[in-house]
Amino acid sequence: MNDKKQLRYGIIGTGAIGGYYGGRLAQAGFDVHFLFHSDYDYVVRNGLQVDSCDGSFSLPHVNAYHHAADMPQCDVVLVSLKTVNNKLLPTLLPPLLKPDTLVVLIQNGIGVEEDVQKMMPNVRLAAGVAYICVAKTQPGHVNHQYLGRLSLANYSCPDASLLNAVADDLTAAKAKTKVADYLEARWKKAVWNMTFNGMSVVENAQTDQLANDPVTGKLIYRQMLEVIAAAKALGVKQISDSYADDVMDMTRKMKPYSPSMKLDYEFHRPMEIYYLYTRPIAIARSAGVDMPLMQALEDKLSSMDAANHG
């Protein structure tokens, strides 16, 4: 911690992602305020526990809130709600906002920032793209298994130096973070998200089973090339077909992991189909690229999602 002005952080959606990155900041001594839903009473009594491959820690006392209206204004708000709940943001965010507050959407998918900006035109937005295997295993308890790096990408913040300050704070808190190009960050993550998330549901399999099975692994590789082709057509420069090999290698090195969409399906929660599939497929089509493999996967997931809430 140095003599520069300390930023105050708000966490909207303290599940696995919010609990991990917010917990890291709080453990490092930063001023962090957490919004809890179902875990509020438990965390007030017991605190927040983070079991991590990079060093576990407990936070016996956290700044916990059950209502956003009770939270203080913050310099930076990290939003880690599932995108199916983004309709709540016009209610949840305003109590935390100053005119220059930066809102970082640590969420999955393509087109998220565009739609949040339409709902809240004056909010300064950035994307947060997390490469991490993390889950909330029980109330107030986060289990971090692998990776953990975060990319921040500016969407509509006129003060780019603020993103650098946030990246510095998170890195100081042992959550390695860099500032990246917006389109590149979103579409590179889509190469993993659009393939392994959906296939884990359709095949009822964890990441290691998907990557190591000869037939499924080959299909996922072809799906990745389809996403990469879309990214190239949309102007992403720093991506090539070899990125699919890098992503497959990374996944094979991971511990067996159930992606967030698989967990949502198993717990009968709505799956994030729109921003992970519907929206990027439409955006790619507008750039002249069809995604038939992704379209087939979206169709199957939509059918399964409807039956899962039947």
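Reader: What makes the second largest pocket a pocket, and how much space lies in it?
Author: About 330 Å³ of space lies in the second largest pocket of this predicted model. On a 1 Å grid over the protein atoms alone, a pocket is an open set of points where a 1.4 Å probe fits, with protein on both sides within 12 Å along at least five of seven lines. The volume is the space filled by probe spheres set on the points, which are joined across faces, edges and corners.

Reader: Which residues line the second largest pocket closest to its centre?
Author: Of its 16 lining residues (an atom within 4 Å of a point), the closest to the centre are Tyr131, Arg149, Ser151, Lys178 and Tyr243. Helix 9 gives the most, with four residues; helices (H or I, at least four residues) are DSSP runs, numbered from the N terminus.

Reader: How do you know which residues of helix 4 and helix 11 meet?
Author: Contact means heavy atoms within 4.5 Å. Val112, Glu114 and Asp115 in helix 4 meet Tyr274, Tyr275 and Arg279 in helix 11.

Reader: How were residues numbered and selected?
Author: Residues are numbered from 1 along each chain as its sequence is written, and side-chain values use heavy atoms, leaving out hydrogens and water. Local features need pLDDT of at least 70, side-chain atom pairs count only at pLDDT 80 or more, and totals for chains, interfaces and linings use all residues.

Definitions and conventions. Helix = DSSP H or I, 4+ residues; strand = E, 2+ residues; numbered from the N terminus.
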